[in-house]
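Here are my notes for you, written for someone meeting this structure for the first time. Have a look at the sequence and the model, then read on.

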Amino acid sequence: MKIIMLGAPGAGKGTQAIRLAEELGLPHISTGDIFRYNIKNNTELGQKAKAYMDKGQLVPDELTVDLLLDRVAKEDCENGYILDGYPRTIPQAEVLDKALAEKNEKIDYAVNIAVPDENIINRMGGRRTCTNCGETYHIVYNAPKVEGICDRCGAPLIQREDDKPETVASRLNVYHEMTEPLENYYKESGVYVEVDGTQTMDEVFASILALLKD
Ligand code: AP5
Ligand code: MG
């Protein structure tokens, strides 16, 4: 099964994608995590991506598309995958659809986690992310057992650089302008489903599973 997670920054794409990947036994592919890994390791791609990410802008399609196509061509993607943070523009979606069509394949679901902008700012301020495995926490809604330490792998948690309020505002603007039109794109191809992302994490997860099983 091939699933795309849609939603604003902070809507809970990563939180739900990790759970879904475990539940369905599929790889979780986050372009944001791939860029952050490259930034941490100071690769050429990382240096280029950082300049955009720090400002809350999208990394250009030419740096993103091939990276994603290479990743989904890997063996662990044979039975499908959960995409988190890709596509973010109509051209990115078109490139993916074209590559899939060449293999007679298609996206099964585009799951939009709907959360109003007002809720987003609050979530971002409290988010903490594992430096090693990418697991996401929230200091109030999903606190780690030991402050500052990942429950899953024991590595330190950090606050993401792009979670400062002014950067979040620009990420939200970019989302509305560039990414939100994907809702109609996937409605037209008949794979769009939506869940209320203001519910608790467990409720959001249950809502997604219910839609996938229908
Ligand atoms: P990316 O890493 O994808 O960031 P994003 O889309 O801005 O989304 P986030 O990771 O911030 O939020 P999320 O929806 O995953 O929410 P989370 O589960 O963490 O991309 C970062 C940057 O990389 C982009 O700005 C861009 O520059 C670049 N980039 C990446 N992909 C790209 C592409 N394809 N093209 C171009 N550029 C690209 O949850 C947020 C917080 O809320 C957490 O603290 C969590 O614990 C909490 N939370 C989650 N669910 C709930 C709930 N139900 N109730 C209460 N709290 C909750
Ligand atoms: Mg994320």
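1. Ground rules. This is a predicted model, so to speak: local features need pLDDT of at least 70, side-chain atom pairs count only at pLDDT 80 or more, and totals for chains, interfaces and linings use all residues. Residues are numbered from 1 along each chain as its sequence is written, chains are lettered from A and ligands numbered from 1 in the order in which they are written, and side-chain values use heavy atoms, with hydrogens and water left out.

2. Overall build. You'll find nine helices and eight strands in the protein; these are DSSP runs, helices being H or I with at least four residues and strands E with at least two, numbered from the N terminus. The radius of gyration is 16 Å, close to the 17 Å that the globule rule gives for 214 residues, so the protein is as compact as a globular protein of that length. (That radius is taken over C-alpha atoms, and the rule is 2.2 Å times the number of residues to the power 0.38.) Along the principal axes, the C-alpha atoms fill a box of roughly 45 × 40 × 35 Å.

3. Of the 214 residues, 46% are buried, where buried means under 20% relative accessible area, exposed over 50%, and partly exposed in between (1.4 Å probe, protein chains only). The protein exposes about 10900 Å², and carbon and sulfur atoms supply 50% of that; areas come from the Shrake-Rupley method with a 1.4 Å probe, and for residues only the protein chains shown count as cover. Take the contacts (heavy atoms within 4.5 Å) with a separation of 6 or more: 70% of them join residues 24 or more positions apart.

4. What surrounds ligand 1? There are 36 residues around it, and T15, Q57, R88, R127 and R171 come nearest; a residue is near if one of its heavy atoms lies within 4 Å. The shell divides into 13 nonpolar, 15 polar and eight charged residues. In that sorting, Ala, Val, Leu, Ile, Met, Phe, Trp, Tyr, Cys and Pro are nonpolar, Asp, Glu, Lys and Arg charged, and the others, Gly among them, polar. The largest share of the shell, four residues, comes from α2.

5. Polar pairs at the ligand. A polar side-chain atom of R36 lies 2.9 Å from an oxygen atom of ligand 1, and an N or O atom in the side chain of R160 is 3.0 Å from a ligand oxygen. For G85, a backbone N or O atom sits 2.9 Å from a nitrogen atom of ligand 1. Taken alone the ligand exposes 1000 Å², and the protein buries 97% of that.

6. Is T167 buried or exposed? Buried, at 5% relative accessible area, in helix α7 (residues 165–179). Beyond its neighbours within four places in sequence, T167 is in contact with M53, D54, K55, G56 and D162. S30, in strand β2 (residues 28–30), also counts as buried, at 6%. Setting aside neighbours within four places, S30 contacts R36 and D84.

7. E161. This residue sits in the loop between β7 (157–158) and α7 and is exposed, with a relative accessible area of 56%. Not counting residues up to four places away in sequence, E161 touches K50 and D54. E161 and R127 are 34 residues apart in sequence and 11 Å apart in space, C-alpha to C-alpha.

Note on methods:
A polar contact is a pair of N or O atoms within 3.5 Å; within protein, one must be able to donate a hydrogen and the other to accept it, and residues adjacent in sequence count only if both atoms are side-chain atoms.
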